[in-house]
Amino acid sequence: MKLRVACSTLAIVFLLCIGTALAATSSTARKHVHTTSYAASHRSGHATVSHAKASQSRTRTAGGASVRTASAVVYRHGRRVVVSRRVAYEPRSAVSSYNPDLTAGDVVEGEDPVVRAAAIEALGNMNGTALAIDPSSGRILAMVNQKLALSAGAEPCSTIKVAVALAGLKEGLITPEMQVNLGGRYSENLTHALAHSVNAYFEVLGRALGFERVKHYANEFGLGELAGYNIAGEQLGVYPDHELPAADGGVGRMCSFGESISMTPLQLGALVSAIANGGTLYYLQHPTTQTEVSVFQPQVKRVLDIQNVIPQVMPGMLGAVDFADGTARSLRSNFVEFPVLGKTGTCSNNGTHYGWFVSYGNSPAGKIVTVIFLNGARGMAGPKAAELTGEFYRAMQERNYFAPKPVESVPLQSAGGQ
């Protein structure tokens, strides 16, 4: 009798433990079904996040994923026990990864034909947009798939880390060499956190900054406002007025993935152009005729107080491309001729995957900023966007675009003015 009571007690305790574990699993699934562990995020630098709460049906949706309940019958200590488990799966993307008509409706007369041709060649039939900018003036040299480039934007994914890094440096919370404890015995510095896109580093930094300071710098850097100067059709991204709820990751999640933020390719290109040129945030301009090109005048939005911290983010952005395990190392499979500094971003929402890569290249002919944004099904990721950026630079190289420009000589005049 005592043995049967003891066994029954153990069975009840075991079932309670299983129920608690399943409840914890369900709670985690409702918050971020696709969030990886830190070890996984450190290796890849990216994770996929979800937004909405799960319903109480047998098949439940959690942001971009659904959670189904599956049951199995097992026998423990002679008793029949039904064990349930919840399995997350992702819905199929409603957006195709391919677009055979990328350039439909593009206004191209005022663009640089060489740059545009290289961007079209790099994108191929991938569903995305490519943007090339002269950072010394804010002129858009080419914008392929203008409908997508000028849309309301998308979650910035890990590209948001560039803005957060600048904010942390300006506030004196970090230096490039400072080791930030990320839990237990693990710590990381800024250079490797940018190059490897370490989520935990930017979550810790975001919480240290706090939402108000993060939002202040994001707005100062141009998020939440139009990036262009009289660009027809440009839509406005969104930087929220309130912090993401703690249950969804709070400001840490906003600073590692950009969750709840909507950023446009133009906004990202304008910010990195300011990094490339030493701190001037230009309005981006897209000439639509050769007459507009001939009378082009740069328009300064504001001068950012980041001159002293730009050199501190550059090693991490360079490492993303040049480190053997940098998130943008795929660029080097196509192009190695000059230094390229950049940042990848990968995430998804409701089954649609986003792949970002922003960069600036130090070419012999001067700096050029590029943004490639991809969306669609699986495979649309930051490393893929970096690979295509390498193809873009290579196509430009093959067209001799980066050859040093000859210096024009001025004829000397005699003392008599002849």
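**Exercise 1. Is glutamate 171 buried, partly exposed or exposed at 30% relative accessibility?**

Before we start: this is a predicted model, where local features need pLDDT of at least 70, side-chain atom pairs count only at pLDDT 80 or more, and totals for chains, interfaces and linings use all residues. Residues are numbered from 1 along each chain as its sequence is written, and side-chain values use heavy atoms, with hydrogens and water left out.

*Step 1.* Get the cut-offs: buried is under 20% relative accessible area, exposed is over 50%, and partly exposed is in between (1.4 Å probe, protein chains only).

*Step 2.* Glutamate 171 has 30% relative accessibility, so it counts as partly exposed.

**Exercise 2. Find the salt-bridge partner of glutamate 171 and say what the pair ties together.**

*Step 1.* A salt bridge needs a side-chain nitrogen of Lys or Arg within 4 Å of a carboxyl oxygen of Asp or Glu. Glutamate 171 pairs up with arginine 213, at 2.7 Å from N to O.

*Step 2.* Now place both ends: glutamate 171 sits in the loop between helix H5 (160–170) and strand E6 (180–181), and arginine 213 in helix H8 (residues 211–220), so the bridge ties together parts 42 residues apart in sequence. (Helices, H or I with at least four residues, and strands, E with at least two, are DSSP runs numbered from the N terminus.)

*Step 3.* Arginine 213 is partly exposed as well, with a relative accessible area of 31%.

**Exercise 3. Work out whether aspartate 106 and arginine 116 are buried or exposed, and describe their link.**

*Step 1.* Their closest N and O atoms are 2.8 Å apart, in a salt bridge.

*Step 2.* Aspartate 106 lies in the loop between strand E3 (79–89) and helix H3 (113–123), while arginine 116 is in H3 itself, so the pair joins parts ten residues apart in sequence.

*Step 3.* Both residues are buried.

**Exercise 4. Describe how H5 and H7 cross.**

*Step 1.* The axes of H5 and helix H7 (residues 199–209) come within 10 Å and cross at roughly 50 degrees. Axes are lines fitted to C-alpha atoms, for helices over the stretch in contact, with angles from 0 to 180 degrees between N-to-C directions.

*Step 2.* That makes H5 oblique to H7; angles under 35 degrees count as roughly parallel, over 145 as roughly antiparallel, 65 to 115 as roughly perpendicular and the rest as oblique.
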